[in-house]
Structure formats: structure tokens, C-alpha cells
Amino acid sequence: LKHCWLKSRIISQRFINLAGGPNAPGMDIERFVLEGPAGTAAVGRGQGVGGGDGRAGRPGRRSQAFGWRHGAGAGAVRVLFRLSVVWVALCCAVAKPRRETSSARLVLGLVVAPGAAARRRLGEGGPKGSAVPQLRAAGNTAIEKASFDETVGGGAGVGQPAAGTDSRSRVREAVGRGSDGTPFLAVSSMPFIQGLEAPADAAAFASLCRLVQSYVEVCCARGATFIADFEGEMPGYGGELLTAAFLATDAFDEVSCSPKDVKVVDKSWGLLLDLRSPACAQIVKHIMESPTIHKIMWGATGDVQSLMYQQAPFPLAIHPVAVVAIQLAYSKPELRMGMRRMLERVPKSLLRDIPEKDQIDFDKFHVLNQRSMPFPLNRSNAAYAIDDLRRIEAILKSQVPPGRSYKAARSRTLESIFQIAEDKLGLKALGQNAMHFQRSKKKGGVRCQAQAVAILRHIQSLRLRGENITTELDTIERDAAAVLPDGFVIPEDLSFRA
């Protein structure tokens with residue numbers, strides 16, 4: 001009740017401002033629709049929506065038509081509006097929660113219903129000639145299609161002027177495409193993808209990060225659903241994540257935790273962030289730790305281990321929440337289904353122009369402790385990261401999980417994350433990897449050697465964290481090193497060969 005009452009006080013004041021009350025700063029309704037209550041800003045003292053003359057104390061035409069007065073009239077409206085907000089919130093809290101009637105969204109809908117001008121601004125095409133992406137976030141309340149510069153308010157902060165020509169030019173230079181033409185915004189402070197220019201200086205990179213960060217804040221406020229995927233070298237306790245990719249989708253209903261029947265195929269814009277950059281890592285942290293942004297992944301174990309405990313090139317310390325690993329809905333506890341096998345069930349029409357999953361032979365590089373995806377990424381490797389998002393979305397759109405819901409998968413994902421959080425040194429995971437390694441020794445080959453390198457990197461990461469290596473760990477390390485060439489060592493800083 002206290003929370004609703006305080007929120008209703010803010011919203012009621014905004015409602016008075018919309019009506020153009022005397023001496024009340026005006027408010028751009030379109031910016032209110034785009035940026036939410038926290039993103040509103042005065043457009044000039046005394047300039048209400050009704051169109052005042054700009055001088056203090058002179059209401060606009062709409063306020064005169066409504067007959068607002070600064071005293072009792074406005075106060076009475078505030079009280080009545082606040083009471084109605086609290087009443088709606090209580091009714092929604094008592095009633096069975098439903099996707100369309102959660103109290104917060106219903107209250108938001110009372111105030112933020114877009115007018116004609118806002119609908120035109122939020123239209124399908126965005127501003128004419130704009131080269132900035134139409135990043136779509138979906139969830140309980142799907143964000144209407146809006147150009148990226150409008151959505152984020154120009155990256156200069158909430159309520160700041162929109163992005164100028166220079167900002168749009170910088171974004172245009174950072175746009176790449178997946179194998180099927182899916183556009184994505186590549187964010188990095190250094191050479192990242194061949195053919196895409198890195199930001200000219202620190203200021204340009206900071207401006208690009210503010211654009212993306214502001215977009216993420218809008219997605220947090222609207223309850224978006226992202227498909228998420230990470231690429232890296234041997235993800236896990238001793239590995240290194242290289243990229244984080246995100247794609248907004250409307251194919252998932254987070255209330256019922258089930259796929260939605262989406263008839264229209266919409267190639268939303270994706271985000272591809274370089275995890276060598278601490279600033280990009282902070283954006284990923286914002287997304288992955290947000291309880292209001294729902295993250296759909298395929299397999300999450302290795303990625304979550306790296307997000308929590310990766311040490312090189314710098315600690316990430318990201319603790320994911322609101323994650324659903326949909327792989328778990330189709331897998332037995334003791335045996336995980338691979339994505340390639342799952343894609344055999346997906347209609348080919350949803351995978352048009354997307355190449356086969358296993359197009360990179362990771363083991364061939366990892367047995368040498370060598371990068372399989374050296375920087376700057378070639379176009380094929382960059383597209384690989386975005387293509388995985390489309391593969392996961394195709395699975396989400398075409399497959400029906402047992403019980404027609406991913407609730408069981410969500411519970412198992414949560415349990416898995418808790419187990420990883422408790423296993424800070426990864427000793428349980430190391431024991432399992434050592435067991436798989438012993439089985440693979442009978443066959444030998446590249447796969448066995450790659451598993452040995454992963455074990456050595458895990459133990460070296462413990463040394464990097466200042467942990468003591470027990471006799472048992474030393475035995476596991478020597479056993480793994482025995483299948484590798486003489487003189488093979490993992491660098492102390494866990495670096496990979498270029």
C-alpha cells in the first residue's frame with residue numbers, strides 16, 4: 001500500500017502536468033510514452049500539452065478548457081487519482097495474476113496510452129532516413145517498434161536531447177549482419193569484427209555505450225524477453241567468454257513460461273558485445289542481473305560458470321537471474337540434448353540461410369591452447385554468434401515442451417545456478433570433467449586432449465585466485481598432462497595462443 005501510494009503521488013503529478021496546470025512544467029507526451037515516467041523532462045516552463053505561451057503562470061489552451069486551478073481543483077484531482085491507482089493495484093493483487101492485468105502495467109497503461117502523434121513516432125518505419133536499428137523488446141507489454149535513437153533518448157541520459165547526426169553515423173559504422181541478414185549492433189572499444197570500424201576515440205565509445213545502456217534501461221522498465229548466447233574459448237571455470245549476444249523476442253510468455261504462437265516473422269536487431277571491454281561487461285551485467293529482463297538460453301552451465309568465476313582477462317563477477325535454459329525441457333538429468341540434434345526437429349523454413357551448427361572445430365584449436373575465434377573476428381565467426389540466437393528462437397517458435405510449459409526447465413535452471421554459486425572453486429564440476437576424461441582416454445584422440453587442456457586450465461585458474469592446490473588436484477593435473485605433448489603448459493595468466 002505504501003509503495004502504491006508513493007508511486008501514485010508521482011503519477012498523479014504527471015497527470016496534472018499533462019493537463020497543463022498553472023505553473024506546472026509541461027511534458028512531452030511522446031517522450032513520456034517512449035521513456036516512461038522517469039524519462040520525462042520539461043519542455044519549457046508554462047508550456048503544457050495544451051500549448052501555453054511559454055510565460056510562467058500562463059496555462060495552455062487545454063488547461064483553460066478543462067478549467068484547472070492551482071489550488072483545490074488540482075489537489076482534489078491528485079487525491080482522487082491516487083486513490084484510483086491504489087484501488088486498481090489492490091484489485092489486481094487480489095485477483096488471479098494474468099498477463100494483461102498486472103497492477104503495474106495496468107497503472108502504466110492508464111497514463112501512458114500513446115496518442116496519435118506518439119503512434120506515428122513509434123510507427124513501423126521510424127524516422128525517414130534513419131540508419132539506427134529498430135531493436136524490439138517483447139514481454140508482458142511488448143515495446144512497440146521504435147528507432148534505436150528515439151528509444152534510448154540519444155544516449156545522453158534520461159531526458160536528454162536525442163542522438164544527433166554524429167551519433168547515428170557512429171552507430172551505422174558498427175552494424176553487422178548474421179548469415180540470414182539479421183542486423184546486429186557490435187559494441188567494442190577496440191577492433192572487433194573485420195570490416196567494421198572501431199570507435200574513433202574513448203568519447204565515441206562512451207557515447208555508443210550510453211546508447212545501449214539506455215536501451216537496456218527501457219527494456220528493464222518494460223519487462224522484455226531476450227534470447228541470450230555467449231561465445232568463447234572453453235567456457236567454464238578456466239575458460240574465457242569473448243562475446244555476448246542478445247536478441248529481443250516476442251515468442252515467449254514469461255507469465256505462463258510457455259512459447260507463444262507468433263505468426264509474423266520479425267527480424268529484430270541484435271546486440272553483440274565484446275567481453276574484452278570492461279564497459280561492455282557492465283552492460284552484460286546489467287542485462288543478466290536484471291530480474292525484469294527474461295533471458296532465454298539453450299545450454300547455460302558453462303556460460304554461467306564463466307560469468308560468475310572467469311578470472312582472465314579480468315573478473316566478470318556476473319550472477320545471472322531470470323534465466324530459462326530451454327535445453328533442460330528436452331533433456332534427461334543425466335544426458336543433455338545437443339542443439340544440433342534438436343534443430344533436426346525444426347522446420348527448415350525457420351532456418352533458411354542459417355548454416356549448420358557445428359561449423360567451427362573448437363577442439364582442433366583448444367588442444368593447442370589456441371584461440372578458435374581470434375580477434376578481430378572474421379565475418380563468419382561474428383555471424384556464428386548471431387546465428388545461434390536465431391537457432392534458439394526457431395526452437396522456441398516451433399517446438400512444444402512437455403506440459404506445454406518451460407516451468408520445469410526454469411526450475412532446473414535456477415537449481416543449476418544455485419549449485420554453481422555454491423561450488424565457488426568448481427571442485428564438483430572438476431570431478432565430473434575428470435570422470436569424463438578418464439572415459440575418453442580409452443578412445444584417445446583430439447577430444448580427449450581437449451578435455452585434458454580444460455582440466456589444466458581449471459586448476460591454473462585456482463592458482464590465479466590464490467587457492468592452494470591439494471594432493472588430489474595435483475594428481476588430476478598430472479594425469480591430464482600425461483596425454484599432452486611434453487613441455488605443454490598453461491600460461492599463468494590463462495592466456496590463449498593467438
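**Strands, core and aromatic contacts**

In the largest nonpolar core, which has 89 residues, Phe230, Phe246 and Tyr406 touch the most other members. A nonpolar core is here a set of buried Ala, Val, Leu, Ile, Met, Phe, Trp, Tyr and Cys residues joined through side-chain atoms within 4.5 Å, and buried means under 20% relative accessible area, with exposed over 50% and partly exposed in between (1.4 Å probe, protein chains only). Apart from this core lies another, of 19 residues, including Cys448 and Phe496. The model is predicted, so local features need pLDDT of at least 70 and side-chain atom pairs count only at pLDDT 80 or more, while totals for chains, interfaces and linings use all residues. Residues are numbered from 1 along each chain as its sequence is written, and side-chain values use heavy atoms, leaving out hydrogens and water.

Nine of the nine residues of E5 (residues 240–248) are buried; helices (H or I, at least four residues) and strands (E, at least two) are DSSP runs, numbered from the N terminus. E5 runs antiparallel to strand E4 (residues 224–233), with eight bridges joining the two, and Ala228 has Phe246 of E5 as its bridge partner. Strands count as paired if DSSP finds at least two bridges between them. E4 and E5 form a hairpin with six residues between them, and Met234 in the turn has a positive phi of about 50 degrees.

Aromatic residues come next. The structure holds eight aromatic pairs, counted when ring centres of Phe, Tyr and Trp (its six-membered ring) lie within 6.5 Å, with planes under 30 degrees apart taken as stacked, over 60 as edge-to-face and the rest as tilted. Tyr237 and Tyr309 are stacked because their ring centres are 5.3 Å apart and their planes at 10 degrees. Tyr237 lies in the loop between E4 and E5 and Tyr309 in helix H11 (residues 301–309), so the pair ties together parts 72 residues apart in sequence. Tyr237 and Tyr309 are both buried. Tyr215, Phe226, Phe230 and Phe246 form one aromatic cluster.

Finally, Arg391 belongs to helix H14 (residues 379–398) and is buried, with a relative accessible area of 1%. The side chains of Arg391 and Asp388 are joined by a polar contact of 2.7 Å.

Definitions and conventions:
A polar contact is a pair of N or O atoms within 3.5 Å; within protein, one must be able to donate a hydrogen and the other to accept it, and residues adjacent in sequence count only if both atoms are side-chain atoms.
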